[in-house]
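Hi there,

Here is the structure I promised to pass on to you. Have a look at it first, and then read my notes below.

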Amino acid sequence: MERTLKDKNIKLENTYAKLPSKFFTAQYPEKVKESKIVALNKTLAKNLGIDVSFLESEEGANFLSGNKIIQGTTPIAQAYAGHQFGYFTILGDGRAMLLGEYLTKGGERVDIQLKGSGRTPYSRGGDGKASLGPMLREYIISEGMYALGIPTTRSLAVVTTGEDIFREDFLPGAILTRIAKSHIRVGTFEYAARLGNKEYLKELADYTLERHFDGNYEGNPYEYLLNQVVKNQAELISKWQLVGFIHGVMNTDNMSIAGETIDYGPCAFMDIYNPSTVFSSIDLNGRYAYENQPRIGGWNLARFAEAILPLLDDDKDKAIEIANGALDRYNQLYLNNWYSGMRKKLGLFNEEEVDKDLIEGLLSIMLKYKSDYTNTFYNLTIGKFTSMDIFYMDEFKRWYTLWNERLSRQQESKDEVRNLMKENNPTVIPRNHRVEEALEAAVNRNDYSVMENLIAVLKNPYDYSSVNEEYTKLPKNIEKGYKTYCGT
């Protein structure tokens, strides 16, 4: 098969490949037996400026599987390292391939990456392929996250490959096409630092500054880079916490410098509010539990600061001082973002000292009475106090009185309060049992209608005019718990 696609409206570049060759390996994805599109994000394609009719064609399907490559570009697998559950490891794209960078119609540069495209020099024991379920899972969750207003990589398509992938059993093979601001990770900088060549580290940092940050800064560019990454992560993780999202595997190789949620493996959304919630089957000690995510974000940022320490100042003590200053700001930035978000969820326009007690008081009651996180705020927003046990409890009634007293001390009307709450409390999230239903139907019965219906509902989580109540319900066996697996 001729592997080159010529004269198409989609043009790719690869500026990342201008970095030293230590940072990547150029190679083609493995050919697949049969490219069949099973999920195509037409809205995303149109927003990017990619011709949907091309993607829907046979050539488009072969492009999305890696069977055909856009003329003039060479795909690469990126090298990086990472602290996985606290332990340093040399890594890289073991089953992913960066096809190239695409300039959107708005002038933004984004990566187009295939996930599940075969072995690379960085593959560790696996075959470099992926099965259908985890690829569809990332498609659903990442698009759900985008609709919730959380910075995230996007899913353009999932194609099946006509091959069986062995994962304890034979499963249909698939490839996900992922769109990202870039795939530069904290682990990429850790890898550069481990190379022991300051010039390599500087080239990576300069490239990152040019690609992701506007350059309108004075003074030390690498201090600016550190501060921007700290700021982005504080904002991102606060948004996770505000909707009850649990990433599940916050290793430094899964932490994007661009501030996007990346690598949806054993992730899930919390139903019953419990800060110690863990879904990942491999997180045996709860390192990445919901309540630990902000702290781990800071831990990961410390690894980033360590990696770029030689760039911050030639004087090591001065460099450490700069790094510590940036890291010290992380916790306060996170708390400011989180408390601000929680105020909005409660319809509070201004700030008072009592707000922290009000917020934490509600969460304490939710924990005690095993209240669903999303539905508690949803029902507070619409003023529906008959559907959940928590609303009948004396503790809540006392809290509700305090909340109303607090609302009375601000100038905004009840309608303004309600509208602010509607803008910040989703009616629906990608409920775990709904995601599993969609995956079971698609993988086992070749029925994609369940997934399509779910994605349609998730597209407008803040639309209170037409709430699909079925998708707000908890699973019947919620007490049994829920486990997720890497699977990719």
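Let me begin with a word you will need: a residue is called buried when its relative accessible area is under 20%, exposed when it is over 50%, and partly exposed in between, using a 1.4 Å probe and protein chains only. Please keep in mind that this is a predicted model, in which local features need pLDDT of at least 70 and side-chain atom pairs count only at pLDDT 80 or more, while totals for chains, interfaces and linings use all residues. Residues are numbered from 1 along each chain as its sequence is written, and side-chain values use heavy atoms, with hydrogens and water left out.

First, the whole chain. The protein chain contains 16 helices and 12 strands; these are DSSP runs numbered from the N terminus, with helices (H or I) of at least four residues and strands (E) of at least two. Its C-alpha trace spans about 70 × 60 × 40 Å along the principal axes. Of the 488 residues, 56% count as buried. Contacts (heavy atoms within 4.5 Å) tell us about the fold too: among those with a separation of 6 or more, 72% are between residues 24 or more positions apart.

Now to Ser 371, in the loop between helix 11 (355-368) and helix 12 (373-382). Is Ser 371 buried or exposed? Ser 371 is buried, because its relative accessible area is 3%. Beyond its neighbours within four places in sequence, Ser 371 is in contact with several residues, including Asp 271, Tyr 273 and Met 388.

Ile 257 sits in another loop, between strand 11 (245-246) and strand 12. With a relative accessibility of 0%, Ile 257 counts as buried. Leaving aside neighbours within four places in sequence, its contacts include Phe 189, Phe 213, Asn 232 and Phe 304. Asn 232 is 25 residues away from Ile 257 in sequence, and their C-alpha atoms are 8.2 Å apart in space.

Finally, take a look at helix 15 (residues 432-445). At 1.5 Å a residue, its 14 residues should span 20 Å, and the end C-alpha atoms are 19 Å apart, which agrees; the expected span is 1.5 Å times one less than the number of residues. Among the buried residues of helix 15 are His 433, Val 435 and Leu 439. The buried residues of this helix pack against helix 4 (132-147), strand 12 (268-269) and helix 16 (449-458). Just after helix 15, Asn 446 takes a positive phi of about 55°.

Best wishes
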